[in-house]
Structures are given as C-alpha cells and as structure tokens.
Amino acid sequence: MRCSSNISEARWFAVTLTITTLSAITISAYIFKRKFNALKSKFHELESSLKSSSDQCTSERRGRIRAQQLLRKELTKPKSENLNLTYYPMIPIGTIQSCFSTRNGTPRQPLLVPLARACLLFNTSRVPPASLEGLSEYSHCWIIYVFHLNTNLEKMWKHPSKSGIKAKVKVPRLNGGRVGVFGTRSPHRPCPIGLTVAKVEAVQGDMVLLSGVDLVDGTPVLDVKPYIPFCDSIQDAAVPNWLMGDNLLSVASVSFSEDFTSSLENCWIMAETKSLYASPDEFQSLIKQVLSWDIRSLSQRNRPHEAIPMKEKNELSDDTSDVDEHLDETAIVHEREQISLNSAEVVYHLFLEGLNVHYRITQDGNVTVEKVSTSAVFDKKISPCNYLTWKDRMQ
C-alpha cells in the first residue's frame, strides 16, 4: 500500500512540475512577445522619423540648389543699361611684388629674363595657406592677372560703342604693323586679363617666390595653376612667320660705363634691405639681362628725339605700349620730317626695384649703362620680401 502511495505522489509531483514549467514558458513567451512588439513599434517610429528627416534634408538641398541657381542667374543677368553686359565674382587673391617698378622695361614675354624675381603675396582672408600645399612640387606655374596699369581702363566701363577699344594693335616685331588683338598678347584687350608662366622657387605661408617673371610691381593676381608639361606643352604648335625670329628685338651688346659701379654701390647702401638680390653684382646681372632686349616702345625706337618729360619720369608714368597705341600717325610723320636726332644722344631710363638705371643705345643696338640713381618711388617701396627671405625660404 505504501509503495502504491509513493508512486501516486511522484506522478502528482511530475504533473505539477510540468504544469508549472508550461505556465512559466507561456508567461515568458507572452512577455517576450510584448517586448518584441514594443521594439517593433519603436523601430517603425525610428524608421519613419529617419525617412522624414531624409525627405526634409532632400527638400532643403533642392531648395539650396534652386536658390543658388537663381542667384547665379541674377548675377549673370544682363543689366538694363547694357543687355550684353554680365558680371562674375572675380576678385584678386594676391598681389605681385616685382623687381620691375614700371611697365617700361618689364619683359614682353615670360622667362626672357631668368633673374627677374617677384613675390606673390596672397590675401589670407581669401586664400588660406593650406591652399598652397602641393604647389612647391611643380617647377613652374601659370599666373592669371589683371593689366591694372592700362591707361584706358576707365573706358572699359563704357558702352562698347564709346569705349574706343581697338580691334587691331601695333606689334613691335612688325615695326608698327597692325594685327588683330586676339592674334597678339597686347595688354590692351576687351577684357584686360593676362596669362603668364613663371618658375616656382619656393612656397611658404602666404607667399610664393617666383623667377623669370614679366609682371610689373603691384599686379593683381586672379588665379594660380600648376604648369603640367604633358598637357601644357604642344610640340608641333604653329605660329605666324613674324614670330619665327627669336632675336628680332635683341640688342648687339650691353656694356657699363666707368662710373656705373660707384653709382650702384652708393645706391646699394639704401637698396640692399629692400632688394630681392644678394649683391650689387647680381643686380648688375639683372640689368644686363633686361637690357639684352630692346625694351623701348615703337615710338621711342622710331623717334628717339621724343624723350619723356622729366616730370613723367619722376612719377614713373612712362609706358611701352600706351604711347604706341594712342599717338596720331600723321603727327609722327610730321615730326620725323622736322627733327632728327641720333638715338645714342638720348638717355633712356629703366626702373628696377625703385632704382633709376640710365642708359643709351646706338642705332646699331649697342647699349651703354651709364649710372644708377634713386627715384621718387624708391622711398615708397615696401618690401615684405627681400633676398634674405629668398635665402631663408629656399633652404
């Protein structure tokens, strides 16, 4: 009897345990299902919120794009007073500090004077120093700039019918022959923008040190791009016949007078701290390289008697191209008939780093540099970059 009772109790315990276990599983499943449904609901809420945010971002982006398109359209919209005139946001990003104080003497093309040096100083509010990273790995760079010293700049704001912009300009190599402006590199262009190439000597901070430049001091720079030989150099490029002779404007010789050395040494005492050159000898080499080309304007070569007034020399207002483009041709012929003077009797002036270089040139192209003196612009010259800057930054 006792044995049968024990078996019954064991069965009852087993049944009770089973029921308890099933109840626990059912309760756990119920709790899990509630939590799962809660998480699923939360997931759907997050998914919906994310989609709503994404749609809002897309809408805002489309709105910004639409606003930018409208702004560009408005900026380039022709003005009522001139239906052909449009504007674009172009502001100089830097300024050239060059060894050439005036247009007269500045080489007509780049790399003709290897010793011609300049510093390109960037406006850090528009060009952070990080923008120049990588430029020093190139040997040369393109520079896009403004012909800011053109004497007819004020006419550029007038209606084309009143601006007086000429379709043809005189070319020095053609001895006054005229060519369409877009067939030349004349600074007198419908849009006074220049393009040149220079050697990159060093890059540091907000400054690029250049050589072989053909840029006058104070030139505003719009952009700088690296020179890439494989796409910028065209081996089979064709040019007109009048450009085939490389030495059409070269002189026969350049010599220095006995008084030149002493005059340069006297000026160098004041010029040294502002100069891009290490010594008077290096500065003399620059003078020789510049004067190895006939830097006179066409009118100066044809009419050496017409010297620029001393007042204009002191104000550094002489020019190599404006004179040629704005003189009356009949007046030139008349003056040739009335006056004849050997060019060797005329003293010409070349302004480098604010110093006035006096020289003469014969009809045979022999140049004699007589002396160096200070000029009115020398005391005003500000030099954030000098030879010591070059030496320190190229090391």
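**Why these labels? A chat about a predicted model**

Tutor: Let's start with Tyr-30, which sits in helix α1 (residues 2–75). Keep in mind that this is a predicted model.

Student: Why is Tyr-30 called exposed?

Tutor: Exposed means over 50% relative accessible area. Tyr-30 comes out at 51%, so it counts as exposed.

Student: And what makes the nonpolar surface patch there?

Tutor: Ile-27, Tyr-30 and Ile-31 make it, with about 310 Å² of surface. Nonpolar side chains are joined into a patch within 5 Å.

Student: Why is strand β2 described as largely enclosed by the rest of the structure?

Tutor: Buried means under 20% relative accessible area. Five of the six residues in β2 (residues 117–122) are buried, so the strand is largely enclosed.

Student: How do you know that β2 pairs with β1 and β7?

Tutor: Pairing takes at least two bridges. Five bridges join β1 (residues 94–98) to β2, antiparallel, with Gly-94 opposite Phe-122. Another five join β2 to β7 (residues 207–211), also antiparallel; there, Ala-118 has Leu-210 as its bridge partner. Both pairings therefore meet the cut-off of at least two bridges.

Student: What makes β9 and β10 edge strands?

Tutor: The open sheet runs β9-β12-β11-β10, with mixed pairing. β9 (253–256) and β10 (348–352) each pair on one side only. For β10, the partner β11 (residues 355–361) is antiparallel over five bridges, and Leu-352 stands opposite Leu-355.

Student: Which helix lies across β9, β11 and β12?

Tutor: That's α4 (residues 260–271), running at about 35° to β12 (366–374).

Note on methods: Residues numbered from 1 in each chain as written. Predicted model: local features only at pLDDT ≥ 70, side-chain atom pairs only at ≥ 80, totals over all residues. Heavy atoms only, no water. Helix = DSSP H or I, 4+ residues; strand = E, 2+ residues; numbered from the N terminus. Contact = heavy atoms within 4.5 Å. Axes fitted to C-alpha atoms, helices over the stretch in contact; angles between N-to-C directions. Patch = residues over 30% accessible without salt bridge, like charges linked within 9 Å, V, L, I, M, F, W, Y side chains within 5 Å. Areas by Shrake-Rupley, 256 points an atom, 1.4 Å probe, with all protein chains shown as cover. Salt bridge = Lys/Arg side-chain N within 4 Å of Asp/Glu carboxyl O. Buried < 20%, exposed > 50% of the residue type's maximum accessible area, 1.4 Å probe, protein only.
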